[in-house]
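This briefing goes through one structure topic by topic. Please keep the sequence and the 3D view at hand while reading.

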Amino acid sequence: MSSRNEILGILWSGQAKVIAETEAALFRTLLAALFPGRAVLIGIDGDEVNERALLDDTEVMPALSLGDVVAEELGISVPYGAVIAFVPLAVFSPQATSAVRGVVVGRVYAQILIESLHRGGFPMDREMGLLLGLADSAVAAVAQLQAGCDQICRDSFERALSETLCSALSGDNGSAGRAANIKDLHDRYGVVSRAEYGRAPREGGPLSFEEWLLSVAPAMGSQTRGEELAAGERQLRSSKI
């Protein structure tokens with residue numbers, strides 16, 4: 001599910017479902033360990049639909065944002081700066097396995113990372129360092145989650161994360177990329193300095209997507225860019241009051 005028409009089709013066809021917080025609690029907790037920001041979870045009825053994570057201000061029609069369409073069609077509030085994640089309903093089932101959760105969380109988080117490159121305005125020579133650093137941190141965090149609660153499979157997460165990132169970075173629209181793990185990503189795109197790596201996500205929230213970017217981005221001499229993001233968010237907030 002990648003084009004705007006496909007996304008609109010899902011929303012208009014009745015396949016998109018609002019998920020009760022009690023049902024979404026486990027998945028939300030797992031995702032929040034990696035992305036402690038505002039996330040709207042939309043369940044998709046049907047196995048043929050792949051996971052998709054987009055920002056609320058994604059334009060799906062001229063002058064019409066995804067957040068506006070979701071709010072109108074599903075009757076829910078979509079906070080400013082939220083990530084809207086479309087995921088199969090099956091992942092919210094108590095019968096869902098840790099491997100299934102690992103795959104879905106991995107694909108969703110990979111798309112959030114790709115959005116960070118598109119929206120972050122980071123210097124091109126530092127983007128891969130940020131991306132790989134956040135991916136490494138995420139795999140380590142999921143390993144801790146697996147050890148602590150056994151509700152998510154680290155290997156499944158790493159494979160899904162790596163394949164999705166590789167597919168996006170290579171421009172391959174197929175169902176899987178060539179990277180089976182984070183090491184493959186490093187080998188394919190070059191080892192970068194640890195000094196360029198992104199920080200692990202800070203605790204707390206909910207954060208807007210821009211706030212999350214500022215919290216994880218390494219100090220790359222782009223203070224001006226950080227000030228621009230903060231000023232832009234303040235302006236958007238004031239315009240919505």
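A residue is called buried here when its relative accessible area is under 20%, and exposed when that area is over 50%. By that definition, Phe27 and Phe92 are both buried. The model is a predicted one.

- In general, the strands of a sheet pair through backbone hydrogen bonds, in either a parallel or an antiparallel manner.
- E1 and strand E2 (residues 39–44) run antiparallel and are joined by three bridges; Ala16 has Ile44 in E2 as its bridge partner.
- E2 and E6 run parallel, joined by six bridges, and Gly43 stands opposite Val87 in E6.
- Four bridges link E3 and E6 in the antiparallel sense, with Ala53 opposite Ala85 in E6.

**Strand E6**

- E6 is mostly covered, and six of its six residues are buried.
- Val83, Ala85 and Val87 point one way from the strand, while Ile84, Phe86 and Pro88 point the other way.
- The residues of both sets are buried.

**Val40 in strand E2**

- Val40 is found in strand E2 and counts as buried because its relative accessibility is 8%, below the 20% cut-off.
- Apart from neighbours within four places in sequence, Val40 is in contact with Ile76, Val78, Pro79, Ala82, Val83, Ile84 and Ala85.
- Val40 and Leu55 are 15 residues apart in sequence, and their C-alpha atoms are 9.8 Å apart in space.

**Helix H2 in more detail**

- Which residues of H2 are buried? They are Ala24, Phe27, Leu30 and Leu31.
- Thr22 and Thr29 are exposed residues on the face of H2 turned away from its buried side.
- Between its end C-alpha atoms H2 spans only 14 Å, whereas a straight helix of twelve residues would span 16 Å at 1.5 Å a residue.

**The aromatic pair**

- One aromatic pair is found in a search of the whole structure.
- The pair is formed by Phe27 and Phe92, whose ring centres are 5.6 Å apart.
- Their planes lie at 65°, so the pair is edge-to-face; the cut-off for that class is over 60 degrees.
- Phe27 belongs to helix H2 and Phe92 to the loop between E6 and helix H4 (98–120), so the pair ties together parts that are 65 residues apart in sequence.

**Helix H5**

- H5 has 26 residues and reaches 38 Å from its first C-alpha to its last.
- That reach is close to the 38 Å expected at 1.5 Å a residue.

**Residues with positive phi**

- Most residues other than glycine have a negative phi.
- Ala63 has a positive phi, near 65°, and lies in the loop between strand E4 (59–61) and strand E5 (64–65).
- Is Ala63 buried or exposed? Ala63 counts as exposed because its relative accessibility is 76%.
- Asp150 also has a positive phi, near 55°, and follows H5.
- Asp150 lies in the loop between helix H5 (124–149) and helix H6 (154–170).
- At 55% relative accessibility, Asp150 counts as exposed, since the cut-off is over 50%.

How values were computed. Residues numbered from 1 in each chain as written. Predicted model: local features only at pLDDT ≥ 70, side-chain atom pairs only at ≥ 80, totals over all residues. Heavy atoms only, no water. Pairing = 2+ DSSP bridges. Helix = DSSP H or I, 4+ residues; strand = E, 2+ residues; numbered from the N terminus. Buried < 20%, exposed > 50% of the residue type's maximum accessible area, 1.4 Å probe, protein only. Phe/Tyr/Trp six-rings, centres within 6.5 Å; stacked < 30°, edge-to-face > 60°. Expected span 1.5 Å × (residues − 1). Contact = heavy atoms within 4.5 Å.
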